[in-house]
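Below are my notes, in the order I looked things up.

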Amino acid sequence: MKKKKLKSISQLKKEADRVFSLWIRERDKRCVLCGSTKNLQNGHYISRGINILRYDTRNCNTCCMVCNVFKHGNMAEYALFMQRTHGDGILKELGAIKQQLHQFKREELQEIITRYKS
């Protein structure tokens, strides 16, 4: 019998990103900043490079390519959206969470893939 090779953390993270992004775009269906329904992406208020917030549904919202890439996140409008949607304390709360270091474990990423795939 051959042993099944386990996926690396980076492979799991890539799959989790793909599944989670599809889920976010399905949830919102349009850019939360300008309302466009074209070229949608998963836009992070705080960069996805901050692992602790990478899959936080409050930090992630659907953005069109124009707002997310060409307008560099359209941050002034994004901040207003975040406050309207999650309340006045959300930016401070995410800012505090952002300070925490986080290393993903294989099981955690697999759980994210399973949760957002269905």
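**Ground rules.** I am working on a predicted model, where local features need pLDDT of at least 70, side-chain atom pairs count only at pLDDT 80 or more, and totals for chains, interfaces and linings use all residues. I number residues from 1 along each chain as its sequence is written, and side-chain values use heavy atoms, with hydrogens and water left out.

**Layout.** I started with the secondary structure, taking helices (H or I, at least four residues) and strands (E, at least two) as DSSP runs numbered from the N terminus. The protein chain has 5 helices and 2 strands, and from the N terminus on the order is α-β-β-α-α-α-α. I get a C-alpha trace spanning about 55 × 35 × 25 Å along its principal axes.

Next I looked up burial, where buried means under 20% relative accessible area, exposed over 50%, and partly exposed in between (1.4 Å probe, protein chains only). Of the 118 residues in the protein chain, 37% count as buried. The accessible surface comes to about 7,800 Å², and 53% of that belongs to carbon and sulfur atoms. I note that these areas come from the Shrake-Rupley method with a 1.4 Å probe, and for residues only the protein chains shown count as cover.

Then contacts, meaning heavy atoms within 4.5 Å. Among those between residues at least 6 apart in sequence, 68% join residues at least 24 apart.

**Cores.** Which residues touch the most other members of the largest nonpolar core? I use the term for a set of buried Ala, Val, Leu, Ile, Met, Phe, Trp, Tyr and Cys residues joined through side-chain atoms within 4.5 Å. This core has 17 residues, and the ones touching the most other members are Cys 31, Leu 33, Tyr 45, Tyr 78, Phe 81, Met 82 and Leu 94. At least two residues each come from β2 (60-64), α3 (75-86) and α4 (90-97). The largest share, 4 residues, is from α3.

I checked Phe 81 by itself: leaving aside neighbours within four places in sequence, Phe 81 is in contact with Val 32, Leu 33 and Asn 61. Apart from this core lies another, of 12 residues, with Leu 12, Phe 20, Ile 24 and Ile 113 among them.

**Rings.** My rule here: rings of Phe, Tyr and Trp (its six-membered ring) pair if their centres lie within 6.5 Å, with planes under 30 degrees apart counted as stacked, over 60 as edge-to-face and the rest as tilted. That gives 7 aromatic pairs. Phe 20 and Trp 23 count as stacked because their ring centres are 6.4 Å apart and their planes are at 20 degrees. They sit 3 residues apart in helix α1 (residues 9-28), so about one helical turn separates them. Phe 20 is buried at 1% relative accessible area, while Trp 23 is partly exposed at 29%.

Tyr 45 and Tyr 78 pair edge-to-face, 5.3 Å centre to centre with 80 degrees between the planes. Tyr 45 is in the loop between β1 and β2 and Tyr 78 in helix α3, 33 residues apart, and the pair links these distant parts of the chain. Both tyrosines are buried. I also logged one aromatic cluster, formed by Phe 20, Trp 23, Tyr 55, Phe 104 and Tyr 116.

**Charges.** I count 9 salt bridges, each a side-chain nitrogen of Lys or Arg within 4 Å of a carboxyl oxygen of Asp or Glu. Arg 58 bridges to Glu 93, with the closest N and O atoms 2.6 Å apart. Arg 58 lies in the loop between β1 (40-44) and β2 and Glu 93 in helix α4, so the bridge ties together parts 35 residues apart in sequence. Arg 58 is partly exposed at 22%, and Glu 93 is partly exposed at 38%.

Glu 111 and Arg 115 meet at 2.7 Å, N to O. These two are 4 residues apart in helix α5 (residues 106-117), which means about one helical turn lies between them.

**Cysteines.** How many disulfides turn up in a search of the whole structure? I find 0, with the cut-off being a pair of cysteine sulfur atoms within 2.5 Å. The sulfur of Cys 31 has its closest cysteine sulfur in Cys 34, at 3.8 Å, too far for a bond. Cys 67 is in no disulfide either, and the nearest cysteine sulfur, that of Cys 64, is 3.8 Å away. Cys 31 is buried at 3% relative accessible area, and Cys 67 is buried at 1%.
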